[in-house]
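Below are some notes for a colleague who is opening this structure for the first time. Please read them beside the model.

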Amino acid sequence: MDKFKIIGKSRIAGEVAVSGSKNASLPLLAAMLLPSDETILHNVPTLKDTDTLIKLIAGMGVNIKKEGNTVIADARHVANYYAPYELVRTMRASILVLGALLGRFGEAEVSLPGGCSIGSRPVDQHLKAFEAMGAVINVENGYVKAHAPAGGRLIGCDFTFDMVTVGGTENVIMAASLAKGTTRLENCACEPEVVDLANMLVAMGAKIDGIGTPTMIIEGVESLHGCEYSVIADRIETGSYLAGALMSEGDVLTTNTSAELLHPVLKKFEAMGATITTGDNWIRAVMKGRPKAVDIRTQVHPGFPTDMQAQLMAVCCLADGTSTIIENIFENRFMHVPELNRMGANIRIDGHTAIVTGVEKFSPAPVMATDLRASMSLVMAAACAEGESIIDRIYHIDRGYDNVEQKLKALGVNIERIQG
Ligand code: UD1
């Protein structure tokens, strides 16, 4: 297993070009199964997770290739509707092929997902919605086996999600785009990645109203056509690098990104004392002195994103005062806390709340990456600690951060990959 060796202490400063969004790319890649001709998708990041989804789709017989950041897929011929455990277990988002397969072919067999170990993360809402659209679903031997009612097409319906789910909303809008009749979905996720998918579906000929709102109305069409589309910037990658500036009296300029995508995060950065300036496609964070303590509660969009919780916690660790962080989305998303504490942080957990008493500095330590986003909090903490830290299990980082070593080096971090 690869490790990172990081020698601090660094001032995190410089310019970094943000890649396309991981979380938007995954549903957009799954949506490439929907049209019966060629789709071209630009700005796809090079990541373990995007590779996994491309492999998954290729295994179904789709002619798909990635050239640089562009993926070209021709889904004219699909040989099977099967997503095997070997691929799905490495990435929960593989479940997104279920909606596309059921919508277009009326049939799918998809392994139940694995992925980040941040709580139990069921997919009951996805399945409940498909059932409401007439699908017959059986879960057998770890696989979801689903087929549409007689006639092979799902049937539009009214459905209210019991909770806001990003993947659930994405899965169901893909299926509903090709269903017979109109689907009215309530309590939809409004995250920018859901909006990006809906916009691509519209570019494929889908009829969707209410994009970016909790109520979406989808009038099913007989077929979708290919399109050329570009993935939005990764708001979490953007926020992760900007957070480095706050931890190190740094100065980080992120380009190829958009402040529109991360207002709640930028507001917190400002409350912590950073000077944030933005332009059409860039955001800069400049920090002088120690961060101020803040209170954060993760919420669905447009609230503070759970995927930035660990990185903000790393900033709070160095703040002047005590911060409170409440995790409302996932039940088990404080696994980075013991690791940050090993680096000298002072964090106490009480249920869904972390109480972070700021310390003056991190100390170097061997630590273990626990999930994708949490890994970045450890990398930044190591960069700010004076001396050598080793971060183990960085396959988590490789799942979600494009070109991470080069980008961190450009920001002044002394980082080296040790192959294991
Ligand atoms: C997506 C993101 C992930 C982010 C999360 C919340 C991708 C690939 N991943 O994950 O990075 O942290 O949104 O913004 O886009 N739930 C159920 N039943 C369901 C579905 C969800 O109980 O059927 C629960 C989950 O366990 C979790 C919460 O709802 O507690 C939110 O999950 P969801 O929004 O579905 O997250 P993902 O789509 O998996």
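1. Domain 1 and domain 2 bury about 1700 Å² between them, and carbon and sulfur atoms account for 54% of this. Buried area here is the accessible area, taken with a 1.4 Å probe, that two parts lose on being put together, summed over both. The size of an interface is often given in this way, as the accessible area lost when the parts come together. On the side of domain 1, H301, R399 and D402 supply 35% of the area buried against domain 2, more than any other three residues.

2. The model is predicted: local features need pLDDT of at least 70, side-chain atom pairs count only at pLDDT 80 or more, and totals for chains, interfaces and linings use all residues. Residues are numbered from 1 along each chain as its sequence is written, and side-chain values use heavy atoms, with hydrogens and water left out.

3. Where do the domains lie in the chain? Domain 1 is made of 3-18 + 233-418, and domain 2 covers 22-230; these bounds come from an automatic or database domain assignment. The contact (heavy atoms within 4.5 Å) takes 20 residues from domain 1 and 21 residues from domain 2. Taken over C-alpha atoms, the centres of the two domains are 31 Å apart.

4. Between the domains there are 7 residue pairs in polar contact, both residues being at pLDDT 80 or more. A polar contact is a pair of N or O atoms within 3.5 Å; within protein, one must be able to donate a hydrogen and the other to accept it, and residues adjacent in sequence count only if both atoms are side-chain atoms. On the side of domain 1 that touches domain 2, α12 (372-384) and α13 (395-400) are the elements that give two or more residues, and α13 gives the most, with 3 residues. Helices (H or I, at least four residues) and strands (E, at least two) are DSSP runs, numbered from the N terminus.

5. The rule finds 2 salt bridges across the interface of domain 1 and domain 2, and 18 in the whole structure. A salt bridge is a side-chain nitrogen of Lys or Arg within 4 Å of a carboxyl oxygen of Asp or Glu. R235 and E193 form a salt bridge through their side chains, at 2.8 Å from N to O. Another joins D162 and K128, with the closest N and O atoms 2.6 Å apart. This pair links distant parts of the chain, 34 residues apart: D162 is in the loop between β10 (158-160) and α6 (166-177), and K128 is in helix α5 (residues 124-132).

6. Which residues are closest to the ligand? They are D124, Q125, T165, D307 and I329, out of 20 residues that surround the ligand, each having a heavy atom within 4 Å of it. A polar side-chain atom of D307 lies 2.6 Å from a ligand oxygen atom. The corresponding distance is 2.8 Å for R92 and 3.5 Å for R333.

7. Some backbone geometry deserves a check. Most residues other than glycine have a negative phi, and most peptide bonds are trans. The peptide bond from G8 to K9 is cis, with omega near 15 degrees; K9 is in the loop between β1 (3-8) and β2 (13-17). H301 and P302 are also joined by a cis peptide bond, with omega about 10 degrees. E249, in the loop between α8 (235-247) and β15 (251-255), has a positive phi near 50 degrees.
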